[in-house]
Amino acid sequence: MKCWVKTAAAIAVSVSLAGCGLFSSEETVEPNPLVDFEAEQQFQQLWSLSTGGSLGSKFHQLVPSIDEQQIFAVNVEGDLVAADLASGRINWRVELETPIGGGVGAGNGIVVLATESGEVIAFDTTDGSERWRYQASSEVISQPQMNAELVVVQQLDGKITALEVGSGERRWSYDSQIPRLSLRGTSAPIVAADLTLAGFANGKLVAVENASGRPVWEQRISLAEGRSELERIVDIDGKPLVYNRIVYVGSYQGRLVALNPGNGQVVWSQDLSTYRGLAGGFGNVYAVSDEDHVHAFDARNSASVWSQDGLQYRRLTTPVVLGNSLVTADADGYLHVLSQVDGHFTARHRVSSSGVQSDLLVRDDVLYVLSNDGRLTALKFK
């Protein structure tokens with residue numbers, strides 16, 4: 001029996017909840033059944049490969065990463081694979097034989113992952129040889145991010161740590177106070193040339209100077225309200241989005257906010273509860289609510305463009321833009337394709353019976369999906 005947050009959005013809650021005792025079976029809701037529609041598009045599978053293991057049952061976001069002509073993916077058992085982007089042929093494989101907590105980040109000739117014990121490990125992208133290791137102060141369960149100089153990891157204890165790309169030596173660490181109770185998950189930071197933007201379980205988005213680790217600004221995205229600790233959860237669990245020179249970020253039981261990246265000033269805000277990341281396209285910002293309604297907001301002024309509630313409680317991934325469409329996956333392994341114009345369904349494709357919990361990846365109009373059974377699949381529209 002699985003244990004869900006009270007919104008039935010199927011979030012794994014922090015160990016502070018101590019099991020399923022807080023929620024009765026009466027609070028479990030069923031996902032919306034799939035409805036028939038006339039498909040306007042079809043997917044073509046380009047290739048598929050197995051990482052050799054599954055993603056486990058802890059709702060880990062083991063997101064793949066692309067660097068040049070290779071794609072990298074890891075499973076929860078510690079099998080890291082590097083495959084040719086065009087053919088899916090596996091170039092090399094490393095078997096760490098230790099549980100993995102977060103996805104992989106790739107760039108600058110290295111691919112980086114983190115174990116459940118908080119050890120950050122970098123490998124050479126050419127042959128999988130180990131380059132360096134760093135022991136973080138707590139578990140890392142989000143995808144490592146990087147620029148030309150730094151690898152930045154966000155930790156479960158509220159810290160973000162910047163490591164030198166070449167050596168793994170720590171350049172700085174920023175510590176944020178986190179509440180006693182939170183969702184089990186952390187946002188992945190955005191690492192730009194000069195600043196790192198990170199969202200925390202206390203509902204704040206912080207900009208940190210990459211050269212020194214000095215905080216430049218912070219902005220409260222959501223304010224904890226309510227009588228119970230559950231009602232006061234305001235985590236930022238989805239990765240912020242930079243779109244048309246504006247930063248967009250959402251929070252659980254909070255708001256969707258647009259900010260000026262230079263000073264953190266709020267451009268607009270919209271009430272929305274989400275624990276997923278965002279997508280941008282057609283002048284819109286796309287978000288999945290905690291009830292799995294897909295929303296499109298005008299990126300300039302927050303006006304609602306359309307809303308699609310046909311996937312309610314299907315445990316959707318962060319949406320991604322693919323051509324003129326918006327794509328999200330669900331816990332039953334279906335890919336759902338929506339029109340960016342009005343949100344109507346244009347295609348559906350089941351990629352795996354095991355389900356999909358990791359966020360999708362798009363490069364050059366090709367969609368890459370890592371399913372819960374550890375299979376990585378590349379697809380495109382016919």
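**Aromatic pairs in a predicted model**

Let me start with Tyr 248, which is buried at a relative accessible area of 2%; buried means under 20% relative accessible area, exposed over 50%, and partly exposed in between, with a 1.4 Å probe and protein chains only.

Some housekeeping. This is a predicted model, in which local features need pLDDT of at least 70, side-chain atom pairs count only at pLDDT 80 or more, and totals for chains, interfaces and linings use all residues. Residues are numbered from 1 along each chain as its sequence is written, and side-chain values use heavy atoms, with hydrogens and water left out.

On confidence: pLDDT, the predictor's confidence in each residue from 0 to 100, has a mean of 89 for the protein chain, and 88% of the residues reach 70 or more.

Now the rings. Rings of Phe, Tyr and Trp (for Trp, the six-membered ring) pair if their centres lie within 6.5 Å; planes under 30 degrees apart count as stacked, over 60 as edge-to-face, and the rest as tilted. The count by this rule is seven aromatic pairs. One of them joins Tyr 174 and Phe 200, tilted, with 5.9 Å centre to centre and 40° between the planes. Tyr 174 is in strand 13 (residues 170-175) and Phe 200 in the loop between strand 15 (195-199) and strand 16 (204-209), so this pair ties together parts 26 residues apart in sequence. Strands here are DSSP runs (E, at least two residues), numbered from the N terminus. Tyr 174 is buried at 12% relative accessibility, and Phe 200 is buried at 2%.

Back to Tyr 248. Its ring forms a tilted pair with Trp 268, at 5.8 Å centre to centre and 50° between the planes. Trp 268 is also buried, at 6% relative accessibility.

Technical notes
Helices (H or I, at least four residues) and strands (E, at least two) are DSSP runs, numbered from the N terminus.
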